[in-house]
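Hi,

Here is the structure we talked about handing over. Please open it first, then read my notes below.

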Amino acid sequence: MQTRRYGRSDMDFSLVSFGGMRFDNPEDTDANAEIVLHAYNKGINHFDTAPGYCRQQSEVIYGAAIGHMDRDRVYIATKSSSPDGDELRAGIEQSLERLGIEQLDLFYIWWVTSLEVWRQRVDGGAVAAAFKAKDEGLVRHVAVSSHLPGDDLKGVINEVDLDGVLLGYCAINFPYRDAAVTAAGEKQMGVLTMNPLGGGLIPQNAERFDFIRDVDDPNVVAAALRFNLSNPNITSALVGFTTKDHVDQACEAAENFKAHSAAHLAKLRENILDQFDGICTGCGYCLPCPAGVEIPKFMDTFNVKVLGGDDRAVAGRMQYHWTLPAETGKECTQCGECEAKCTQHLPICERIEEIVEIAERIGEVQL
Ligand code: SF4
Ligand code: SF4
């Protein structure tokens, strides 16, 4: 499989990376470790996990698989969301033990959902503890993983000399994070994209998203990965695999990958935006809201509903992806400013109301 250099490091990552957040039946360590090993045998060499993924089993599954890999040929990443430096350090030690390795290739300051959360990571000592672990050789590279909007994330990566960034980026939401991808590229940082298939929404709605396919893309999965990886600032796309078939499909797309030219990519981006029908692109033109409602986060959540997600998925998106209380939507005064500016002419107020209603009805979603 083709590889790309991760920022200023000496690591060359396969174009597709394994994201260990979607294992079915996570307690079945052996069956899931087989899927991880299948990916390794297909040429994937970067494996990303986190202590909390899959009911705390993802690192355990990786640990079982890594024992059968040539450690010098693979790169392992994990994360911590702790703001406290001592806790973060203890988390690194626990992750190393679960993974059965002595050093992490990549370690993320994880789940930075707002600038306040970022400030807590700095003030609580987490960021300093991560760099100390790097100095001591427990981790090789320190990066940040975030769902922040592009401009906010740009501020974070300009504040600290990080090695890389992990962010959500796909053909559905690229305008929301473009600024961060470009800034990271300018700083020669590694850039990993999560949810390059829109968290599964693109393949699940293949017909609806057929417009992202170019003439020579065999399917929407190939088209979505090509869209991602044609951005030269992106090192590798993280895909959360559940089956060997998913691995095969993504590996085939990566093996046959041919980047779009810059001019063609620009045309494609315009075309994609023109064809979104009823979907929020995350462009942010509706902001600022005078009442402080985080409109793109609400509208992204509504995308889940438009694309067939059930109410539980909608409530879960607010709770776990955005960690945004749905009742903040009640601050909307229905002034209409956002709807007048929305590039997609979305009924924003109505959608916010619906999300608030769903979240109140469903309550807390258990993962
Ligand atoms: S309609 Fe509601 S969400 Fe939109 S700008 Fe006004 S207060 Fe904010
Ligand atoms: S609601 Fe409209 S203007 Fe706001 S981010 Fe979404 S598409 Fe863009």
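Which residues surround ligand 2? Bear in mind that this is a predicted model. The list runs C280, T281, G282, C283, G284, Y285 and C286, then M299, then C342, T343, Q344 and I348. By class, that shell has seven nonpolar and five polar residues. Charged residues are absent from the shell around ligand 2.

Now the domains. The protein chain splits into domain 1, residues 3-267, and domain 2, residues 295-362. Their C-alpha centres are 26 Å apart.

The two domains do touch. Eleven residues of domain 1 contact nine residues of domain 2. Together, domain 1 and domain 2 bury about 960 Å², with 61% of that on carbon and sulfur atoms. On the domain 1 side, the residues touching domain 2 are five nonpolar, four polar and two charged.

What about polar links between them? Four residue pairs are in polar contact between domain 1 and domain 2, counting pairs with both residues at pLDDT 80 or more. Salt bridges across this interface number zero.

The structure as a whole holds 26 salt bridges. One of them pairs R8 with D161, with the closest N and O atoms 3.6 Å apart. This pair links distant parts of the chain, 153 residues apart. R8 sits in the loop between strand 1 (3-5) and strand 2 (12-14). D161 sits in the loop between helix 7 (150-159) and strand 8 (164-168). Side chains of opposite charge can pair when their charged atoms come close.

Best wishes

Key:
Residues are numbered from 1 along each chain as its sequence is written. Chains are lettered from A and ligands numbered from 1 in the order in which they are written. This is a predicted model: local features need pLDDT of at least 70, side-chain atom pairs count only at pLDDT 80 or more; totals for chains, interfaces and linings use all residues. Side-chain values use heavy atoms; hydrogens and water are left out. Domain bounds come from an automatic or database domain assignment. Contact means heavy atoms within 4.5 Å. Buried area is the accessible area (1.4 Å probe) that two parts lose on being put together, summed over both. A salt bridge is a side-chain nitrogen of Lys or Arg within 4 Å of a carboxyl oxygen of Asp or Glu. A polar contact is a pair of N or O atoms within 3.5 Å; within protein, one must be able to donate a hydrogen and the other to accept it, and residues adjacent in sequence count only if both atoms are side-chain atoms. Ala, Val, Leu, Ile, Met, Phe, Trp, Tyr, Cys and Pro count as nonpolar, Asp, Glu, Lys and Arg as charged, and the others, Gly among them, as polar. A residue is near a molecule or strand if one of its heavy atoms lies within 4 Å of it. Helices (H or I, at least four residues) and strands (E, at least two) are DSSP runs, numbered from the N terminus.
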